[in-house]
Amino acid sequence: WHQSGETYGHHQGRYFRPAVSSTFSLIKLDNVNVTFLDNTNLRGYDAADMATLGQYTVQTRMGMIEHCNSRNFDDVDGILGFGWADQPRSAALLKTLTQADRPGWDIFGQPFAGNGSPMPRKFTFTANNELGELQLGGHDPALVQEEFVVFPMTGENVYGIDIHSITYGGVELLHFQDSKPKKSFVGEFDSGTTCLLLPNTDVKGNFTTSPFGILAHEQMKGERHPLLYHARDVYGNVHTYHMSFNECVEPTDETMILGDPFFRKFAVMHDMEDLNNKRMGLAPRNPSYQLGATTDRSILTPGHAPQQQMFAAKGESGVTKIHATRKMRDHKFTQALHETKKSLAAASELHEHPTMLVDKVAVKSQSMVTYNIQLAIGSPPQPLDVIFDTGSFMLAVFAEPPPAGMKPLLSDKKDAKKDSKAASHSEKKTVAPHPPKPSIHAPVVTARKGRSTATVSRVELDTSTLMQSDAVAMIRPQGMMPEAVVTVVTVCSAMLVGALAVALRRRRAVPLVPTAQQDSYGTC
C-alpha cells in the first residue's frame, strides 16, 4: 500500500526499493501527476542513486514513477534512453557514463570500474529477429564481417547520417528543390522504430515531391524491388545499402528514420569520442557471430558485481557486452507510451531544439519493437528490466515511495531555481574531461505503430525542477479549448514521465496510401 492508501499496481515485475539502498537521495517530491482521459494516472518524484550498466557504475539523477494504474507496462521496470544530449543539465545517462564529473549535479570523481576511467564515448548496437546486443565502449572485432564504413554524424541531437539518394526499381525518391543548396536529407537511426519511415510531404520545400508518395505510386505498378539507400562516407565515397521489399515502410510528416531493419542487418556504431567530429559506422554482421552468447548476465544476481568480459578491437580498449531481449508490443502499449510522450514533450529540457520534440510515430501503426536490457539501481544493486532506446535520452524507473521522513534536496520552487542557475553556471565553467582514446519496400496499410485518439484531460506538475532548467510550456491538447487545460511542466517532469515514451520521439505521420494499395507491399 502507498501512503495515499492506493495499491502499487504498475506491473507484476520488479521495481526499485529506495529504502534498502544506502546511496539513495531524494531530490524533489511529487513533481509529476498526469491523468489521461482513459483514467491512466502517473505520479512520481526525482531522486539520485548509483546506476550500474555493464561494468560501469556511476552516480546519477533519474525519475521515479511510484504510481501507475495501467496494466500496459506489466513487464517494463523503466526506460533507459541512450541518446546523446550535451546540454548542461542533460539527463542523458550516456553523458554521465562518459565523463568523470557532473558539476551541475554536484557530482565529482565517479567510481566507474577497472582503471577508474569513464566509458569511451562510443557504443555499438545490433539485433536479429529474436534478440539484440549492446556493446559499450566500442565493438568486438568478431561481431562484424568487414571494417565499419564511417559516416559523419549529422542532424541535431540525433544519431543520423546524410542520405543523398533513395531508389526503388531505378526510380529516385528524393527530388531536392533546386533552390536548396544541400542535396541530402538526414536519416536518423532509432532502435525503437519498427519500420523504415519516409517523409510523405515536401518537408517545408526541401523536396519537389513527397518521397513516400513516389514510392506508393511505384508500388501500384505491382513490381517488387528493394529500397536502395545511398550515402557518402567521411572520404566522400558513395555506399549503397539494400533494404528488402519485405521490410515495412511507413510515412511521416518530415523525418526519415532508419529503424529496426537497419539494426537487424548491420552492426551500427555510434562514435562521439570527438564531440566536434561525431561519427556513425555501419558494417555487415558476421553470420557466424552468435548474439548474446558472451554477454554479461551477472547483473541479474543481486550482490554480484558485473563480470569483466572484455573484447578489444585494434586501437581500442575493451568493450563490455549487454544482452537485449527483443519484444513486439501491441497497439495498447504503443498508444499508452505515445500519449505519455505527447503530453509532456513540449516541456523537454531541449525545448529550444524542435528535433528533440517531434513524434515520429506513423499514424496507423499497430505495434512497435522494444529491446529490454538489464540495469541496476542502488547500493547494493537492484536489477531492473528497462527498455533500451537510442531515440531518447532519459532514465526513469518504477519505484516505491521514498523513505518516510526523508528531506528532499529541493523542497520548493526557490530551491529549484537556485539549483538550476548554479548548474548552468558551473557547467559553463567546467569542461568535462574527454575519455582517453581507447589502447521498401511498399506502404503497409496494416501499419506498425499506434496512435491514440485520446487527449490529456488533466496534467498537474510542479514548476520546480531538479534535472533541468525552469522551462515552462503551455500545452493545449487537440480538440480542447485553451481554457480547458493548462500544463506547467519542467524539464525534470518531462524526463520522469516522458521517459516512458521509449522510442516514440517519432514525428506525427500523415495518412497511409489508399487501402487499394495494401497488397502491393511486403508485410512487416
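Is K221 buried or exposed? Select K221 and show its side chain: K221 is exposed, because its relative accessible area is 51%. (Buried means under 20% relative accessible area, exposed over 50%, and partly exposed in between, with a 1.4 Å probe and protein chains only.)

Before going on, note that this is a predicted model, in which local features need pLDDT of at least 70, side-chain atom pairs count only at pLDDT 80 or more, and totals for chains, interfaces and linings use all residues. Residues are numbered from 1 along each chain as its sequence is written, and side-chain values use heavy atoms, with hydrogens and water left out.

**The whole chain**

Show the chain as a cartoon. It has six helices and 22 strands. (Helices, H or I with at least four residues, and strands, E with at least two, are DSSP runs numbered from the N terminus.) Of the 524 residues in the chain, 61% are buried. Switch to a surface view: the accessible surface comes to about 19800 Å², and carbon and sulfur atoms hold 51% of it. (Accessible areas come from the Shrake-Rupley method with a 1.4 Å probe; for residues, only the protein chains shown count as cover.)

**Salt bridges**

(A salt bridge is a side-chain nitrogen of Lys or Arg within 4 Å of a carboxyl oxygen of Asp or Glu.) E218 counts as buried because its relative accessibility is 13%. The whole structure has 10 salt bridges.

Next select K321 and D140, which form a salt bridge of 2.6 Å, N to O. K321 lies in strand β18 (residues 320-329) and D140 in the loop between β6 (131-136) and β7, so this pair ties together parts that are 181 residues apart in sequence. Both K321 and D140 are buried.

Now select R264 and E247. Their side chains meet in a salt bridge of 2.7 Å, N to O. R264 is in helix α3 and E247 in the loop between β13 and β14, so the pair ties together parts that are 17 residues apart in sequence. R264 counts as buried at 18% relative accessibility, and E247 is buried with a relative accessible area of 17%.

**The disulfide**

Which cysteine is joined to C195? Select C248: a disulfide links the two, with 1.9 Å from S to S. A disulfide is a covalent bond between the sulfur atoms of two cysteines. (Here a disulfide is a pair of cysteine sulfur atoms within 2.5 Å.) A search of the whole structure finds one disulfide. C195 lies in the loop between β10 (185-189) and β11 (196-199), and C248 in the loop between β13 and β14 (249-252), so the pair ties together parts that are 53 residues apart in sequence. The torsion about the S-S bond of C195 and C248 is about -100 degrees, so the disulfide is left-handed. C195 and C248 are both buried.

Now select β11 and β14. These strands run parallel and are joined by four bridges. (Two strands pair if DSSP finds at least two bridges between them.) P199 has T252 in β14 as its bridge partner.

**Aromatic pairs**

Select F151 and Y241. They form an edge-to-face aromatic pair, 6.1 Å centre to centre, with 65 degrees between the planes. (Rings of Phe, Tyr and Trp, the last by its six-membered ring, pair if their centres lie within 6.5 Å; planes under 30 degrees apart count as stacked, over 60 as edge-to-face and the rest as tilted.) F151 lies in strand β7 (residues 149-152) and Y241 in strand β13 (residues 238-243), so the pair ties together parts that are 90 residues apart in sequence. F151 and Y241 are both buried. The structure holds 15 aromatic pairs.

**Strand β5**

Finish with strand β5 (residues 122-127). Six of its six residues are buried, so β5 is largely enclosed by the rest of the structure. K122, T124 and T126 point one way from β5, while F123, F125 and A127 point the other way. Show β16 (residues 266-271) beside it: four bridges join these antiparallel strands. Then show β6, which pairs with β5 in the antiparallel sense over five bridges. A hairpin of three residues joins β5 to β6.
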